[in-house]
Amino acid sequence: MLSSLIQIFQVFQVASAVVVTAVLFALAGITLAGSVVGLIVATPLFVIFSPVLVPATIASTLLATNLSAGALFGVTAAALIVWLLK
């Protein structure tokens, strides 16, 4: 009796795995298609606004890098002060 329940459970596992795999593949395909459509729509905008976007990207990257470095230096200084006080 128990062995037949195990076999039924294994069949259910396989069937549910097949269904979940198919659903996930479908979602991946829909996501890929949406990304391609979005890229096709956005490419002309990137070309038109590239004189503004490229400097803005460079400035944003430098700002984020400087903020991260400042925070890291502050944490390092606090750690050194705690280490010296011990």
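This is a short tour of a predicted protein model, from its overall form down to a few residues.

## Ground rules

Because the model is predicted, local features need pLDDT of at least 70 and side-chain atom pairs count only at pLDDT 80 or more, while totals for chains, interfaces and linings use all residues. Residues are numbered from 1 along each chain as its sequence is written, and side-chain values use heavy atoms, with hydrogens and water left out.

## Overall form

Let's start with the whole chain. The protein has 1 helix and 0 strands; helices (H or I, at least four residues) and strands (E, at least two) are DSSP runs, numbered from the N terminus. The radius of gyration comes out at 27 Å, well over the 12 Å that the globule rule gives for 86 residues, so the protein is more spread out than a compact globule. That radius is taken over C-alpha atoms, and the rule is 2.2 Å times the number of residues to the power 0.38. Along its principal axes, the C-alpha trace spans about 70 × 60 × 5 Å.

How much of the protein counts as buried? The figure is 0% of the 86 residues, where buried means under 20% relative accessible area, exposed over 50%, and partly exposed in between (1.4 Å probe, protein chains only).

## Annotated spans

An unreviewed UniProt entry puts the annotation "transmembrane region" on residues 6–29, 36–58 and 64–85. Such annotations may be inferred rather than shown by experiment; positions follow the numbering used here, and feature names are shortened.

Residues 6–29 are 100% helix and 0% strand, with end C-alpha atoms 34 Å apart. Residues 64–85 are also 100% helix and 0% strand, and their end C-alpha atoms lie 32 Å apart.

## A closer look at T57

T57 sits in helix α1, which covers residues 2–85. It counts as partly exposed because its relative accessibility is 48%. A polar atom of the T57 side chain lies 2.7 Å from the backbone oxygen of L53. From T57 to I30 is 27 residues in sequence and 29 Å in space, C-alpha to C-alpha.

Terms used. A polar contact is a pair of N or O atoms within 3.5 Å; within protein, one must be able to donate a hydrogen and the other to accept it, and residues adjacent in sequence count only if both atoms are side-chain atoms.
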